[in-house]
Amino acid sequence: MFSYSFKTFYKLILCFSLLILAGCGGSGSDGSEKPSTQTLQPFQAGERSILKPVSSSFTGVTYPIQLYLPKNISANKTYPVLYVLDAEWHFSKVADSLDELEIEAIIVGIENFVDASYKHREDYSQWPLAQDYFNFIVNELAPKLESNYPINQSKRSIVGHSYTGLFTGLAMLMDDPQDPFFSAHVSFDGSFWAHTEITPLLVSDRGVLDSRLKSKAILIAARGKVSNGRYVDWFQEMLEYEQFKELEIVKLDYNVDHIPVVKHAMDDAMRALLID
């Protein structure tokens, strides 16, 4: 009787010891913890490159293209994509911000077709030629690139400043109401003053077409001596008047001039877009 009880007690002690070891995750022969098999790689700055220019049948011109990719691309993972307009001026600012904030995303930078005084940029940022530029991005550029890179197609953003900031506002109104191409629109001090007659009609027509406007609209207003802040306010007021469902407006204000507001507000805009 005593022998049987001792054996049973010994087995219980042994099992209990094994359970403790298992609960602690096990250890090496020297008592150290075994390394995890799923250690995360530290963030590294993204890779920047220049791609082959892309021609458009809608606008009739060829656009230089820049690309930013996360350094540690993971298998079976997709990333948000930012289509950055005026890329010859702003691509590096957006890429620097993603590196600083340690955000993993893809940037497609679209440079301008350069003609006298950048007139082509001005014309194709406004109605009605804005429709052709929008069609180039959505129907020609994006299909060519997105099949080659791990892009999350439900998280596409478009980023512009000044005239192309106006264009990003128009892109919201031109997009498919049921299945919009872009989920977010970032406008740095958009030149809405250039569109005071047609913009109210476009906003109103969009409201009649569908009461939903699926977007996160980040509107940056400069308040310096040379700025478009009051016209950004005007555009915001028109959107709010229509009471669009599913539209989220994030307003950011800065007491700086029109040109420096891009660099000044970039980190805040990227946080609002990709973190908040």
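Two strands count as paired if DSSP finds at least two bridges between them. I start there since much of this talk is about paired strands. One caution before the details: this is a predicted model.

With that in hand, take strand 2 and strand 4. Strand 2 and strand 4 pair in the antiparallel sense, over 4 bridges. Within that pairing, Gln66 stands opposite Gly109 of strand 4.

Let me step back to the whole chain. The chain has 8 helices and 8 strands. It has 276 residues, and 46% of them count as buried. The accessible surface comes to about 14,800 Å², with 54% of that belonging to carbon and sulfur atoms. Looking at contacts with a separation of 6 or more, 79% are between residues 24 or more positions apart.

Now back to the strands, and to strand 3. What does strand 3 pair with? On one count, 5 bridges join strand 3 to strand 4, residues 106-110, and the two run parallel. Tyr83 stands opposite Val108 in strand 4, and Val84 has Gly109 of strand 4 as its bridge partner. Strand 3 is also joined by 5 bridges to strand 5, residues 151-161, again running parallel. There, the partner of Val81 is Arg156.

Strand 4 itself is mostly covered, with 5 of its 5 residues buried. In a regular strand, side chains alternate between the two faces of the sheet. In strand 4, Ile106, Val108 and Ile110 point one way, while Ile107 and Gly109 point the other way, and all are buried.

Next, the nonpolar cores. The largest one has 47 residues, and those with the most contacts inside it are Tyr83, Ile110 and Ile137. Helix 4, residues 130-146, gives the most to this core, with 9 residues. A second, separate core has 31 residues, including Ala87, Leu101, Ala105 and Val159.

Which residues does Tyr83 touch, leaving aside those up to four places away in sequence? Among them are Val108, Ile110, Ile137, Leu141, Arg156, Val159, Phe181 and Phe182. Two of these names, Arg156 and Phe181, also go together: the charged end of Arg156 sits over the ring of Phe181, 3.7 Å from its centre.

That brings me to the aromatic residues. A pair of aromatic rings is described by the distance of the centres and the angle of the planes. The structure holds 11 aromatic pairs, and I will show two.

In the pair of Tyr63 and Tyr133, the ring centres are 5.8 Å apart and the planes are at 35 degrees, so the pair is tilted. Tyr63 lies in strand 2, residues 62-69, and Tyr133 lies in helix 4, so the pair ties together parts that are 70 residues apart in sequence. Both Tyr63 and Tyr133 are buried.

The other pair is Phe134 and Phe182, which is edge-to-face, with 6.4 Å centre to centre and 65 degrees between the planes. This pair also links distant parts of the chain: Phe134 is in helix 4, Phe182 is in the loop between helix 5 and strand 6, and they are 48 residues apart. Phe134 is buried, at a relative accessible area of 8%. Phe182 has 0% relative accessibility and counts as buried.

Last, some backbone details. Most residues other than glycine have a negative phi, and most peptide bonds are trans. Where is there a cis peptide bond? One joins Trp127 and Pro128, with omega about 5 degrees. Pro128 lies in the loop between helix 3 and helix 4.

As for phi, Ser117 is not a glycine, but its phi is positive, about 55 degrees. Ser117 is in the loop between strand 4 and helix 3. Asp189 is not a glycine either, and has a positive phi of about 45 degrees. Asp189 is in the loop between strand 6 and helix 6.

Are these two residues buried or exposed? Ser117 has 72% relative accessibility; the cut-off for exposed is over 50%, so Ser117 counts as exposed. Asp189, at 0% relative accessibility, counts as buried.

That is where I stop.

Key
Residues numbered from 1 in each chain as written. Predicted model: local features only at pLDDT ≥ 70, side-chain atom pairs only at ≥ 80, totals over all residues. Heavy atoms only, no water. Core = buried A, V, L, I, M, F, W, Y, C linked by side-chain atoms within 4.5 Å. Buried < 20%, exposed > 50% of the residue type's maximum accessible area, 1.4 Å probe, protein only. Contact = heavy atoms within 4.5 Å. Phe/Tyr/Trp six-rings, centres within 6.5 Å; stacked < 30°, edge-to-face > 60°. Lys NZ or Arg CZ within 6 Å of the ring centre and 35° of its normal. Areas by Shrake-Rupley, 256 points an atom, 1.4 Å probe, with all protein chains shown as cover.
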